[in-house]
Amino acid sequence: MNELMVRKMLPSDIQQVQNVAKTSWNATYNGIIPIEVQESFLKSAYNDEMMLRRLERSHVYVAELNGKIAGFANFSFVREGGQVELSAIYLYPEYQGKGIGSALLQEGIKNSQGVKEVFINVEKQNLIGRKFYEAKKFEMIKEFDDDFDGHTLKTVRMVLKI
């Protein structure tokens with residue numbers, strides 16, 4: 001019996017969340033983003049200091065399965081007009097497709113008072129991510145080139161209307 005619990009992230013979860021981010025990134029972007037660009041991004045976006053800043057300046061939720069963190073999601077605070085940015089939702093690859101991402105998404109929406117729209121940027125070639133968002137009724141708004149550490153990414157911006 002798998003016991004899934006979604007809760008607010010604690011500072012003591014930082015190391016496990018960093019590991020989820022790294023494992024998920026490496027699996028998702030293999031062949032899409034050069035490994036050295038991935039590593040450099042992960043170091044700057046998920047170092048200890050940045051993780052503490054995320055905890056302070058946004059909502060971070062973790063999905064815990066049998067006491068082990070299987071994934072996390074990072075939502076901005078609700079902005080003017082009820083807009084929320086979902087800046088990250090990552091799971092260990094072996095936990096994808098089991099409803100954990102959906103549980104994280106629902107938890108973030110539930111705890112965002114007055115949310116009307118959830119926005120996400122997803123790499124065009126990240127088909128797993130895009131299929132997930134499309135299944136959750138996110139709609140594509142636009143596509144743009146994103147300069148990611150000197151590597152150009154095709155990015156798709158999507159919105160979910162609540």
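In the predicted model, Asn74 touches Arg54, Ser58, His59, Val60, Glu85, Leu86, Ser87 and Ala88, leaving out residues up to four places away in sequence. Asn74 lies in strand β3 and is buried, with a relative accessible area of 3%. Its side chain makes a polar contact of 2.8 Å with the side chain of Ser58. One of the residues touched by Asn74, Ala88, is also its bridge partner in β4.

Strand β3 spans residues 68-75, and seven of its eight residues are buried, so the strand is largely enclosed by the rest of the structure. Pairing with β2 (residues 59-65) is antiparallel and runs over seven bridges; Lys68 of β3 is the bridge partner of Leu65. The two strands form a hairpin with two residues between them, and Asn66 in the turn has a positive phi of about 50 degrees. β3 also pairs with β4 in the antiparallel sense, here over five bridges.

The loop between β3 and β4 contains Val78. This residue is partly exposed, at a relative accessible area of 31%. Beyond four places in sequence, Val78 touches Gln83, Val84, Ser112, Gln113 and Gly114. The C-alpha atoms of Val78 and Ala21 are 24 Å apart, with the two residues separated by 57 residues in sequence.

Nonpolar side chains tend to be buried together in soluble globular proteins. In this model, the largest nonpolar core has 48 residues, and those with the most contacts inside it are Tyr46, Phe72, Leu86, Ile100, Leu104, Tyr133 and Phe138. At least two core residues are supplied by each of α1 (14-28), α2 (35-45), β2, β3, β4, α4 (100-110), β5 and β7. β4 provides the largest share, six residues. Tyr46 is in contact with Gln18, Ala21, Phe41, Met51, Arg54, Phe72, Ala88 and Tyr90, leaving aside neighbours within four places in sequence.

Aromatic pairs number twelve. Tyr61 and Phe75 form one that is edge-to-face, with 6.0 Å centre to centre and 70 degrees between the planes. This pair links distant parts of the chain, with Tyr61 in strand β2 and Phe75 in strand β3, 14 residues apart. Both residues of the pair, Tyr61 and Phe75, are buried.

In helix α5 (residues 127-135), the buried residues are Gly129, Arg130 and Tyr133. Viewed down the axis of α5, these residues fall within an arc of 95 degrees, so they line one face of the helix. Leu127, Ile128 and Lys131 are exposed on the other side of α5. Packing of the buried residues is against β4 (83-91), β5 (117-123) and β7 (151-161). Just after α5, Lys137 takes a positive phi of about 75 degrees.

Terms used:
Residues are numbered from 1 along each chain as its sequence is written. This is a predicted model: local features need pLDDT of at least 70, side-chain atom pairs count only at pLDDT 80 or more; totals for chains, interfaces and linings use all residues. Side-chain values use heavy atoms; hydrogens and water are left out. Buried means under 20% relative accessible area, exposed over 50%, partly exposed in between (1.4 Å probe, protein chains only). Helices (H or I, at least four residues) and strands (E, at least two) are DSSP runs, numbered from the N terminus. The arc is that of the directions from the helix axis to the C-beta atoms. Contact means heavy atoms within 4.5 Å. Two strands pair if DSSP finds at least two bridges between them. A nonpolar core is a set of buried Ala, Val, Leu, Ile, Met, Phe, Trp, Tyr and Cys residues joined through side-chain atoms within 4.5 Å. A polar contact is a pair of N or O atoms within 3.5 Å; within protein, one must be able to donate a hydrogen and the other to accept it, and residues adjacent in sequence count only if both atoms are side-chain atoms. Rings of Phe, Tyr and Trp (its six-membered ring) pair if their centres lie within 6.5 Å; planes under 30 degrees apart count as stacked, over 60 as edge-to-face and the rest as tilted.
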